[in-house]
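Subject: Structure handover

Hello,

Here is the structure you asked for, with the sequence. My notes on what was found in it follow below.

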Amino acid sequence: MIQSARRCVVSGRVQGVFYRASTQQRAQKLGLTGWVRNRPDGGVEVFACGEAEQLEALCRWLQQGPEMAKVSSVECQDCAVEAFTDFSIRP
């Protein structure tokens, strides 16, 4: 199993709309590890590790997010894999 990692920054109306919790649920369902957190600029940052196909699925989902979100942009970049045991919400 080849592991990849991706860091994504999501902009728009993504805080206060269960974006982090929904991202955590989606990532866990896809079998990914990593974390999600709010950014001071009002965006959300996601760091996910797993197989490329699952990462692509998460990145597609991030474009829309949960029902109440209004995503204006998602910027993703590949990065070095880190070891996590689960997918968590960070403060």
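This is a predicted model: local features need pLDDT of at least 70, side-chain atom pairs count only at pLDDT 80 or more; totals for chains, interfaces and linings use all residues.

**Core and contacts**

Residues are numbered from 1 along each chain as its sequence is written, and side-chain values use heavy atoms, with hydrogens and water left out.

Val10 is also among the residues with the most contacts inside the largest nonpolar core, together with Tyr19, Val44, Val46, Leu58 and Leu62; this core has 19 residues. A nonpolar core is a set of buried Ala, Val, Leu, Ile, Met, Phe, Trp, Tyr and Cys residues joined through side-chain atoms within 4.5 Å. Buried means under 20% relative accessible area, exposed over 50%, and partly exposed in between, with a 1.4 Å probe and protein chains only. Two or more residues of the core come from each of β1, α1, β3 and α2, and α2 gives the most, with five residues. Helices (H or I, at least four residues) and strands (E, at least two) are DSSP runs, numbered from the N terminus.

**The sheet**

Five strands form an open sheet with mixed pairing, in the order β4-β1-β3-β2-β5. Two strands pair if DSSP finds at least two bridges between them. β4 (70-78) and β5 (87-90) stand at the edges with a single partner strand each, so one side of each has no neighbour in the sheet. On average, neighbouring strands are turned by 15° against each other, direction ignored. Axes are lines fitted to C-alpha atoms, for helices over the stretch in contact, and angles run from 0 to 180 degrees between N-to-C directions.

The pairings around β3 and β2 are these:

- β1 and β3 are antiparallel over seven bridges, and Ala5 has Cys49 in β3 as its bridge partner.
- β2 and β3 are antiparallel over six bridges, and Asn38 has Val44 in β3 as its bridge partner.
- β2 (residues 33-38) and β5 run parallel and are joined by four bridges; Arg90 in β5 is the bridge partner of Arg37.

The hairpin of β2 and β3 has five residues between the strands, and Gly42 there takes a positive phi near 95°.

How many of the residues of β3 are buried? Seven of the seven are, so β3 is largely enclosed by the rest of the structure. Val44, Val46, Ala48 and Gly50 point one way from β3, and Glu45, Phe47 and Cys49 point the other way.

**The helices**

Helix α1 (residues 19-30) lies across β1 (4-13), β2, β3 (44-50), β4 and β5, and runs at about 170° to β5. Thr23 lies in α1 and counts as buried at 0% relative accessibility. Beyond four places in sequence, Thr23 touches Val36, Val46, Leu58, Trp61, Leu62 and Phe87. Ala27 is also found in α1 and is likewise buried, at 0% relative accessibility. With its neighbours within four places in sequence left aside, Ala27 is in contact with Leu32, Leu58 and Phe87.

Helix α2 (residues 52-62) lies across β1, β3 and β4, at about 5° to β1. Its buried residues are Leu55, Leu58, Cys59, Trp61 and Leu62. Seen down the axis of α2, they fall within an arc of 160°, so they line one face of the helix; the arc is that of the directions from the helix axis to the C-beta atoms. Glu53 and Arg60, on the other side of α2, are exposed. The cover over the buried residues of α2 includes β1, α1, β3 and β4.

**Aromatic pairs**

The whole structure holds three aromatic pairs. Rings of Phe, Tyr and Trp (its six-membered ring) pair if their centres lie within 6.5 Å; planes under 30 degrees apart count as stacked, over 60 as edge-to-face and the rest as tilted. The rings of Trp35 and Phe47 have centres 5.8 Å apart and planes at 15°, so this pair is stacked. Trp35 lies in β2 and Phe47 in β3, so the pair ties together parts twelve residues apart in sequence.

The rings of Phe47 and Phe84 also have centres 5.8 Å apart, but their planes are at 65°, so this pair is edge-to-face. Phe84 lies in the loop between β4 and β5, so its pair with Phe47 in β3 ties together parts 37 residues apart in sequence. Phe47 is buried, with a relative accessible area of 1%, whereas Phe84 is partly exposed, at 23%. Trp35, Phe47 and Phe84 form one aromatic cluster.

Regards

Conventions
Contact means heavy atoms within 4.5 Å.
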